[in-house]
Amino acid sequence: MSSPLQAFKYVPKDTFMDRLDPRSKFALSLSLLAASLASPQLTMQLVYLALATLLIAAAKRLAQWTPTLKAISPLVAAIFAANLIFTPGMPLTYATLMALRFFTVTTSFTLFFLTTTPDDLSLALEEMGVPREYTLMFTMSLRFVPTLADDVETVTAALLSRGFQLDRGNIIQRAKNYVYLLVPLIIYEVRRSLMIAEALEARAFGATKKPTRLYTLKMKKPDYLVLIASALIAVSPLAPAILNLSII
Amino acid sequence: MESEAAIQVENLRYVYPGGYEALKGVNLAVKKGEFIAIMGENGSGKTTLIKHFNGVLKPTEGRVLIDGVDTRETPVSKLSRKVGIVFQNPDHQLFSETVWDEVAFPMKNFGFPEQVVKERTERFLKLMGLYSYRDKSPYLLSLGERKRLTIAAVLAYDPEIIVLDEPTAGQDYIQKEHISGTMNLLRTMQKTVVIVTHDMEFVVQYVDRIVLMSRGRIVASASPHEVLLNPSLLASAGLMPPQLARLALQLSRAGIYTPRRLPETGEIVDAVLKRWHR
Amino acid sequence: MEGVNYTYPSSEEPVLRNIDLRIGRGEYILLAGPSGCGKSTLARILNGLIPNFYGGKLEGKILVDGKDPRKTPTYEMALTVGFVFQNPENQLFFSDVEREIAFGLENLGLPPHEIRRKVEDAIRKYGLENLRHRSPAELSGGQKQKVAIASVMVMEPKLLVLDEPTANLDPISAVKVLGLVKREVLERRISAIVIEHRVELVLPYVDRVVVMDRGRIVGDGEPYSVIQENSGLIGRPAIFDVYARLRAKGFPLHRWPRTPEQLAEDLKRILQG
């Protein structure tokens, strides 16, 4: 699979983060995100980023996280540059803050996706009352990403094998070239979706409004600790003010 | 000097970007005009191997030479002119609005003169029994017809080497008979042909040589009768001998019939009757 | 099925014409015929996908285990008719084999402990112990189809329909899949219909062959005679040729061969006394 999608690919590992309930993991990621958005101090941003990075390291996913980091770096540079140019007053501090913030937000969410299976995620959503139609849609869209990637590869190979040059011509011509790729792909995926729908029917999908579950999620002691930690992180942007610390 | 091989594969290793090692050191030479089958279970690396023949995949290590030309140094569009690949699923390789355009498409890409494109398109549509559908969308054809259309599109531009990936998978008896006819045609045209297949019953009658693959390696390369009378070798590649070979094997153990070449119905019947009358 | 006719909504020509078919309990049937002859359509009528999902005009009498699929929601028919499709890729949705098998039972709203018990039974029966937490997408073709069958059989249907379940498999994996179905037929006395083009692969297992051509049933009965009569449509195994030629010469073979090994046994017995 190509590297930008790496962020969503769950690779099973047995670490502290993997064993957590998806809900507490979600709370953790969310609190890091909220804290990062709420805090105006550079120092605090660095703390949050360090924390998120530390957690990814604890989950042994650093190697998987780096491609994502590389992929978003140009975007971060753009955010930095834009803020540097358009912010009045202290542009350097503000631009750095925004860039760091972007890193923190993506890192905390990468943390969640790297350590949670799509199945677990939809279980958590169901637990929170989201109907199965929607959770299943989510599970399946992730499940079929690699399948779709394979199809793209096969169709591209076939197209090249017919002597077609995808990179021929100017920009407009090149864009048109890709239509040749899209037509069989779209037709094929429409057919596939029909086959999937048939298979769902054959598995009694929609038989009851309230499907039951083989696995049920259960919060354990570490989960409650993580929840408490998350709450603390969420209120941490207030800490400098309360403790009367003057930091930037 | 030895006659040049049409396809020369040397110590080919291929690792997919995800890290999966699909080919673990493959060596293979296919002579000009040779008709070979590459067989093996799902995931043995057959399809990965043939994608190297026209350069859509490039070796991670080792090299592949087509007519002496290194695939790493030649664009796919040039190699494809020499090596025509018909992939397994027709729905992955239909790009045009009409059946006619589908067959003309590669020839246009290769810059054939208009008159030649017209002549050859017509000839190969007729050959494959698809001429009456020429103005239809390829997607309105049946699975068997779509398969034949993809074969026609490749044969029409006359590549020297033809590679067919699982031509009979999911095809009914009547379609197989059609494809069988195409195989005979390829033989008479003396093309270099590589078929990737599981279908022993089908392939055995056409090929000069069977190459067995298992887990990214070539485990055997020999004439059909040597391979198919060796059930344990076949089983290691997820294959079963054809019915007549299985019958011959049992009968030879009982001393009733020992095949010298490919077992044949008439020979088996005669051998049994001879023994019975004795 | 009695006097069944069916026309797809987008077409005027019927794809099924006057189909009469009775399937008994414990029967294992090969449904064969050229592509487009109506086999898959017939199969989809049995679990109500046609016409409930596809529409079209369906006439005639249809009862499956006493239920008319037209008047029964497809999810309820899933309890009576299990359906396994050609491409395993499109019928496996989760990243865990256990969850995959449980899915149908979850949809039926069974209590978790009961789901657990049935899933465990299926895992044991299908030998999936080592794969239970693997992602079905990462399994081999044969293993995928095994999981697909397990996740349908766990709902305990009375009829299992398999639409070209082995088209993408190598022969040894294919035979294993067909053998699994045979075991279900023998152990649970279910009925099974398998659609397949390679007659010789299915032959060792089935009791009956139904041949279709252009929307009609053109042959139905004991495998040997039905295949011989319709070999122009569906081909015939090489050993049938040997058998027929020997019989024509008066050679005293008394049962038609299901496998080359069986034919060899019979020949040896006769020749060696």
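The dialogue below treats chain folds, a chain contact, salt bridges and a surface patch.

Modeller: Some conventions come first. This is a predicted model, in which local features need pLDDT of at least 70 and side-chain atom pairs count only at pLDDT 80 or more, while totals for chains, interfaces and linings use all residues. Residues are numbered from 1 along each chain as its sequence is written, chains are lettered from A and ligands numbered from 1 in the order in which they are written, and side-chain values use heavy atoms, with hydrogens and water left out.

Biologist: How many helices and strands does chain A have?

Modeller: Helices (H or I, at least four residues) and strands (E, at least two) are DSSP runs, numbered from the N terminus. Chain A has 11 helices and 0 strands. The radius of gyration of chain A is 22 Å, well over the 18 Å given by the globule rule for 248 residues, so chain A is more spread out than a compact globule. That radius is taken over C-alpha atoms, and the rule is 2.2 Å times the number of residues to the power 0.38. The C-alpha trace of chain A spans about 70 × 55 × 30 Å along its principal axes.

Biologist: How is chain B to be read by those criteria?

Modeller: Chain B has 11 helices and 10 strands. Its radius of gyration is 20 Å, close to the 19 Å of the globule rule for 278 residues, so chain B is as compact as a globular protein of that length. The C-alpha trace of chain B spans about 70 × 45 × 40 Å along its principal axes.

Biologist: What area is buried between chain C and chain A?

Modeller: The size of an interface is often given as the accessible area lost when the parts come together. Buried area here is the accessible area (1.4 Å probe) that two parts lose on being put together, summed over both. Between chain C and chain A it is about 3,200 Å², and carbon and sulfur atoms give 56% of this. C:Asn90, C:Phe93 and C:Asn107 supply 22% of the area that chain C buries against chain A, more than any other three residues. With contact meaning heavy atoms within 4.5 Å, 39 residues of chain C and 32 residues of chain A take part.

Biologist: How many salt bridges are counted between these two chains?

Modeller: A salt bridge is a side-chain nitrogen of Lys or Arg within 4 Å of a carboxyl oxygen of Asp or Glu. There are 4 between chain C and chain A. A:Glu198 and C:Arg44 meet in a salt bridge (2.5 Å, N to O). A network of salt bridges links A:Glu126, A:Glu127, A:Arg132, A:Arg213, C:Arg99 and C:Glu106.

Biologist: Which parts of chain B does the pair B:Lys82 and B:Asp67 tie together?

Modeller: In this salt bridge the closest N and O atoms of B:Lys82 and B:Asp67 are 3.6 Å apart. B:Lys82 lies in helix α2 (residues 76-82) and B:Asp67 in the loop between β4 (61-66) and β5 (69-70), so the pair ties together parts 15 residues apart in sequence. B:Lys82 is partly exposed, with a relative accessible area of 25%, whereas B:Asp67 counts as buried at 15%.

Biologist: Which residues make the nonpolar surface patch?

Modeller: Patches are made of residues with over 30% relative accessible area and no salt bridge; like charges are joined within 9 Å, and nonpolar side chains (Val, Leu, Ile, Met, Phe, Trp, Tyr) within 5 Å. A:Leu225, A:Ile228, A:Leu232, A:Val235, A:Leu238, A:Ile242 and A:Leu243 make a nonpolar patch of about 770 Å². Helix α10 (residues 221-235) of chain A gives the most to the patch, with 4 residues. A:Ile228 is found in this helix and counts as exposed at 54% relative accessibility.

Terms used
Accessible areas come from the Shrake-Rupley method with a 1.4 Å probe; for residues, only the protein chains shown count as cover. Buried means under 20% relative accessible area, exposed over 50%, partly exposed in between (1.4 Å probe, protein chains only).
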